[in-house]
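Work through the exercises below with the structure open beside you. Try each task before you read its solution.

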Amino acid sequence: MSLTQFSDYALRLLVVVALAKGRPVTIAAAAKQLKVSNNHLMKVSNVLTRSGILSGVRGRSGGLLLKRQPQEIGIGELFRLTEPDFDLTVCLSAPRKCPLHQVCSAPPFLTRARAAFFHELDGRTLADVLATSC
């Protein structure tokens, strides 16, 4: 299992903005620091802004700011927002498409595994990420 590049960039952008400690961060500055394209970060910042995690300040000294405190931004929330789905296999998204759906017992434990994954992430915030070195 792997998170998308979009989710990776979203988390890293939040770290960059949080580390700026209230100073607006431009997309260009964040893109340079993270070594990713402006276009990718623009898409990520739009999602994070629309969701209320970031706010954008227009103008010459504008940029991105955290709209909430780091301890209020859940990592589970972030990944649910930025990932297209967490169906580990087709049996979780469309059980009847699997030819073994009547004899396979994988869906219940795969569902519990996904729940355990989010249980761990839901207990973590951006503040936890900032407390460790990445």
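The exercises go from helices to strands, then to side-chain pairs.

This is a predicted model, in which local features need pLDDT of at least 70 and side-chain atom pairs count only at pLDDT 80 or more, while totals for chains, interfaces and linings use all residues. Residues are numbered from 1 along each chain as its sequence is written, and side-chain values use heavy atoms, with hydrogens and water left out.

**Exercise 1. Decide whether Ser-7 is buried or exposed, and find its contacts.**

Step 1. Ser-7 sits in helix α1.

Step 2. Apply the cut-offs. Buried means under 20% relative accessible area, exposed means over 50%, and partly exposed lies in between (1.4 Å probe, protein chains only). Ser-7 is buried because its relative accessibility is 0%.

Step 3. List the contacts. Contact means heavy atoms within 4.5 Å. With neighbours within four places in sequence set aside, Ser-7 touches Phe-79, Thr-82 and Glu-83.

Step 4. Widen the view. Other buried residues in α1 include Tyr-9, Leu-13 and Val-16. The cover over the buried residues of α1 includes α2 (27-34), α3 (38-50), β1, β2, α4 and α7 (126-131).

**Exercise 2. Find which side of α2 holds its buried residues.**

Step 1. Name them. Ile-27, Ala-30, Ala-31 and Leu-34 are buried in α2.

Step 2. Check their directions. They cover an arc of only 100 degrees around the axis, so they lie on the same side of α2. The arc is that of the directions from the helix axis to the C-beta atoms.

Step 3. Turn the helix over. Lys-32 and Gln-33 are exposed on the other side of α2.

Step 4. Find the cover. α1, α3 and β2 are among what covers the buried residues of α2.

Step 5. Just after α2, Lys-35 has a positive phi of about 60 degrees.

**Exercise 3. Describe how β1 and β2 are joined.**

Step 1. Locate the strands. β1 spans residues 54-57, and β2 spans 63-66.

Step 2. Two strands pair if DSSP finds at least two bridges between them. Four bridges join β1 to β2, and the strands run antiparallel.

Step 3. Pick one bridge. Ser-55 has Leu-65 in β2 as its bridge partner.

Step 4. Inspect the turn. The two strands form a hairpin with five residues between them, and Gly-59 in the turn has a positive phi of about 110 degrees.

**Exercise 4. Count the salt bridges and examine three of them.**

Step 1. Set the rule. A salt bridge is a side-chain nitrogen of Lys or Arg within 4 Å of a carboxyl oxygen of Asp or Glu. The count is four.

Step 2. Take Arg-12 and Asp-8. Their N to O distance is 3.2 Å. They are separated by about one helical turn, because they are four residues apart in helix α1.

Step 3. Take Glu-77 and Arg-68. Their side chains meet at 2.7 Å, N to O. Glu-77 is partly exposed at 34%, as is Arg-68 at 22%.

Step 4. Take Arg-80 and Asp-122. Their side chains meet at 2.7 Å, N to O. This pair links distant parts of the chain, with Arg-80 in helix α4 and Asp-122 in helix α6 (residues 106-122), 42 residues apart.

**Exercise 5. Classify the one aromatic pair.**

Step 1. Set the rule. Rings of Phe, Tyr and Trp (its six-membered ring) pair if their centres lie within 6.5 Å; planes under 30 degrees apart count as stacked, over 60 as edge-to-face and the rest as tilted.

Step 2. Apply it. The structure holds one such pair. The ring centres of Phe-117 and Phe-118 are 5.4 Å apart and their planes are at 80 degrees, so the pair is edge-to-face.

Step 3. Phe-117 is partly exposed at 26%, whereas Phe-118 is buried at 8%.
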